[in-house]
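Visitor: I am new to this structure and would like to learn how to read its strands, one feature at a time.
Guide: Let us look together, and take each feature as a general idea before turning to the case at hand.

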Amino acid sequence: MKNRFRKLFRGMRRTPLVLLVVISAALFVALMIPGIGKIYDISDWNPVEEPLLLTGMERIHDGVWPWQVYAEETGHDGSGEAGEADGADAAVADVDGSSGLDGRSGAVNGSSGAGASGAATEDGNGVDAAGAVDGIGEDEQAEVSGSDGSSGAGGQGDDAAGSSDGGASGAAGSAATEDGDAAAAALQKAKESNPTYIHADHMPAEVNDKVVEAKDYGLADKHYLSPDDTVYNTDTEGTFAQNGDYYLFTDVDDSYLADALIIGDSRTEGLHGFTSMQKSTYFASKEGLSVYNFWDKEVNYYEPGKDAAKKSMDEVLAGRTFGKIYISLGINELGIGTTKKYYDNYREILAKIREAQPDAVIFIEGMMHVSEKLSSTSNVFSNTIVVQRNTAVATLANGHDIFYIDMNSVLCDADGNLQADMTGDGIHLYASEYEKWHAFLLTRGIQTTSGAANNGAADGSAAVGGTAGDGVTEDSAAQG
């Protein structure tokens, strides 16, 4: 036996290349081991039919590298929160890097500008403002009354001052409450007179777009799918919960998009580059952008009519108040993780956007389908995977200030495939076809007031819930 090993080692010394390959393979498998069950789904793995080394090589082909498990465990910000491939470069490049469309339009939710909420603030609504109505706030009161209880400059003792000022504050507080009640009543009246408003116990089916289905060619890699019975959003409170107030889509014009931010990957780059939207709408897009590198990847930030500036998504969202935010992602994630992991990361992105832009109406744009040529031959670029992921993120639309829209209804054929005459590579649209996407967005406006469709400048010169001074918005009632 010893002689056999000696002969083996001698042979390997004579062929150093073979030795290097063997050692490299062993190290590669060792790197893979921590990822088993995390970035490598082995629930149905057969080591005889598919050795672990082969599994790893296939995943590298799909853009999943062994060391991404460590990025997943750490989180992109080092917080320790899980997020597959966070902090890593986009695992799947934007196919050929060519531009196409993936943009999203946002809507509005009634942030205050020169409208009612500003007036409500000027009225002195709120306890602190009310407390100063008679010119004596709590701190000033201490100066008027002597600290030992003797009368101060106003001749009032502590008790008298407290009683007098307290009464004034109480009266002002009562007036503020009445103003708030009046604002709430006005808001309710505005809602009831809005033809696109619906109050219901459950969200009506027509509030959001239906997820466009597609023919299943039976080739989708199950490593990238989640079980059909996977449960996604079931929230009853918070950002993604329904609240009884719902709005239907309405037609708008380009002025509606003046305070919109369109976020996306190379497809969105195409929407910016080949439509008139670049003249009036804000964009934050980049080839290869995905839910896994959303906060880490520097994007092209386009202000209307200007060249791109390089910014992080945090900088984009902190730099301006937007009335609508459209999000279009997904094509770069088809070869990474399962639908559930995609959903979890997408949900986190929406939650952080809502925190940064509390008054914006958010539009989740369904991922654009791929062509029949791709979907019927690829196990990764498959419309079966696309549809499952669109179905998952659509559950995050609450019908109140987050909406799901699906442009595939105007871009796909009867089998749900991206029309062959609209694309060259099966993924990106021809330059001349982007206007179809643009036109689709103009059929998906949201009107949350009783006035005209919710237009507004992004600098706050007009109320985000509508044109300046057009009436009561939801935020103004809340401030009241």
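**Reading the strands**

Guide: In this predicted model, strand β9 is covered on both of its faces, with Lys324, Tyr326 and Ser328 buried on one side and Ile325 and Ile327 buried on the other.

Visitor: How many of the residues of strand β9 are buried, and what follows from that?

Guide: A residue counts as buried when its relative accessible area is under 20%. In β9, which covers residues 324-328, five of the five residues are buried, so the strand is largely enclosed by the rest of the structure.

Visitor: Which strand do five bridges join to β9, and in which sense do the two run?

Guide: That strand is β5, residues 260-264, and the two run parallel; within this pairing, Gly264 stands opposite Ser328 of β9. Strand β10, residues 360-365, is also joined to β9, by four bridges and again in parallel, and there Tyr326 has Phe363 as its bridge partner. Between β9 and β10 the chain passes through helix α11, residues 339-356, in a right-handed β-α-β crossover.

Visitor: Is the pairing of β6 with β7 parallel or antiparallel?

Guide: Strands β6 and β7, the latter being residues 299-302, pair in the antiparallel sense over three bridges, and Phe283 has Tyr302 of β7 as its bridge partner. With β5, by contrast, β6 runs parallel, joined by four bridges, and Ile263 stands opposite Ala284.

Visitor: Which way do the residues of β6 point?

Guide: Tyr282 and Ala284 point one way, Phe283 and Ser285 the other way, and all are buried.

Conventions:
Residues numbered from 1 in each chain as written. Predicted model: local features only at pLDDT ≥ 70, side-chain atom pairs only at ≥ 80, totals over all residues. Heavy atoms only, no water. Buried < 20%, exposed > 50% of the residue type's maximum accessible area, 1.4 Å probe, protein only. Pairing = 2+ DSSP bridges. Right-handed = clockwise from strand over helix to strand, strands pointing away.
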